[in-house]
Amino acid sequence: MGVLKKQIAVLAGDGIGPEVCREAIKVLEAIGERFGHAFTFNHQLMGACAIEASGTPLPEHTLEACLEADAILMGAIGDPKYDNDPTAKVRPEQGLLRLRKSLGLFANIRPVTAYQVLLQHSPLKNDRIEGADMLFFRELTGGIYFGEKGRNADGSAYDHCTYSREEISRIAHLAFQSAEGRRHKLTLVDKANVLETSRLWREVVKEIAPAYPSVVVEYLFVDNAAMQLILNPRQFDVILTENMFGDILSDEASVIAGSLGLLPSASVGVHTALFEPIHGSYPQAAGKGIANPIATILSAAMLLEHFALKQEAELVREAVQHALDNKILTPELNSKAPYTTEQVGSFIACYVKEGAGPGRDTHNLELGCSTII
Ligand code: IPM
Ligand code: MG
């Protein structure tokens, strides 16, 4: 792969978003330096910060910048001010939902891995989670998130859930293709014993399955899936599911990895792809240097893969593994000798630039393992 020039729109967002994005950008710059790629970063507002600045969570020029960019790196959005006010008319989340819809980002891909060195951090029994490695395909622009919603005259409220065959089949194909390159198993999670939309999901997936003969398909009701994830997570390879079930199950699955701060995601579809950690804006931690930047850094690795920079993406993952192995970790994963958000990011960026080596490892973090510290 030759030298690449790419423009990346950055939506750092709220809470810890800016700090974790800063570290992911540091790592992308290190990749640029090492491989000779030219990444430029175009920072834009979205979320509560955009509401503060302009009254709207997704300003027009932010959307335009995203449409023009080659990829989008996002931090997190959300603010307790809005969470605690059910009557708020404008919410940070509306910005993200509108962005996903406007860009046609129908597939949200969330890998969940039980890292061997972090097994003891999971509250789950280690022998249950060891070796777990799954990939969620969460539908992202349909279902109950985007159906008609409102209040009736009698004071009741409603959220409609609709799915078309096309909305189901386009993400199902992506999930099947991914399963072909993995362990050849796809689990459709639905609630087909109750919901009509779920029955349509089963119908469409059953029709598509014969085109992927090497993939074994299983069907699980979402309540059972929630239990199986904890009981026996190793049974899962690719999990395909609708918008809201995917939202809930992927947070649940993060317990397997040991920290929500480790899980990245990619949202792909019609226009510019977006890469973001699955965690929220964690406002209590903002500015304290305790937020784990690894989920955002791994999201940057998925961004590199999206640019077909496989070797570069692999190097970022190797650097993250190196940080895990050396316990260069934020307090939730290393309470005895924690490192700051910035130190974790710098350590990973340093490895990306220079590799591991004498004088450049753990103990030299403060002394300057390289010029980037
Ligand atoms: C996620 C988040 C969002 C979602 C919120 C912030 C709207 O929880 O990306 O998982 O529900 O999709
Ligand atoms: Mg969520």
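These questions and answers go through a predicted model, from its domains to some side-chain pairs.

Reader: Which residues make up domain 1 of the chain?
Author: This is a predicted model. The domain assignment gives domain 2 as 112–258. Domain 1 is given in two stretches, 1–105 + 269–373.

Reader: How many residues does domain 2 give to the contact with domain 1?
Author: The centres of the domains, over C-alpha atoms, are 25 Å apart. Domain 1 brings 13 residues to the contact. Domain 2 brings 12 residues.

Reader: What area is buried between domain 1 and domain 2?
Author: Carbon and sulfur atoms give 68% of the buried area. On the side of domain 1, Arg100, Lys101 and Leu333 lose the most area, together 38% of what that side buries. The area buried between the two domains is about 1,200 Å².

Reader: How many salt bridges cross the interface of domain 1 and domain 2?
Author: Polar contact does link the two domains, with two residue pairs counted. The side of domain 1 that touches domain 2 has seven nonpolar, two polar and four charged residues. For salt bridges across this interface, the count is zero.

Reader: Which elements give two or more residues to the side of domain 1 that touches domain 2?
Author: Two helices are named for this side of domain 1. One spans 92–102 and the other 310–325. They are α5 and α12.

Reader: How is the aromatic pair of Tyr163 and Trp201 arranged?
Author: The structure holds two aromatic pairs, and this is one of them. The ring centres lie 5.2 Å apart, with 85° between the planes. Planes over 60 degrees apart count as edge-to-face, so the pair of Tyr163 and Trp201 is edge-to-face.

Reader: How many residues apart in sequence are the parts that Arg138 and Asp247 tie together?
Author: The whole structure has 20 salt bridges. Arg138 and Asp247 form a salt bridge, at 3.8 Å from N to O. Arg138 lies in strand β5 and Asp247 in helix α10, so the pair ties together parts that are 109 residues apart.

Conventions. Residues numbered from 1 in each chain as written. Chains lettered and ligands numbered in written order. Predicted model: local features only at pLDDT ≥ 70, side-chain atom pairs only at ≥ 80, totals over all residues. Heavy atoms only, no water. Domains from an automatic or database assignment. Contact = heavy atoms within 4.5 Å. Buried area = accessible area lost by both parts, 1.4 Å probe. Salt bridge = Lys/Arg side-chain N within 4 Å of Asp/Glu carboxyl O. Polar contact = N/O pair within 3.5 Å; in protein donor to acceptor, adjacent residues only side chain to side chain. Helix = DSSP H or I, 4+ residues; strand = E, 2+ residues; numbered from the N terminus. Nonpolar A, V, L, I, M, F, W, Y, C, P; charged D, E, K, R; others polar. Phe/Tyr/Trp six-rings, centres within 6.5 Å; stacked < 30°, edge-to-face > 60°.
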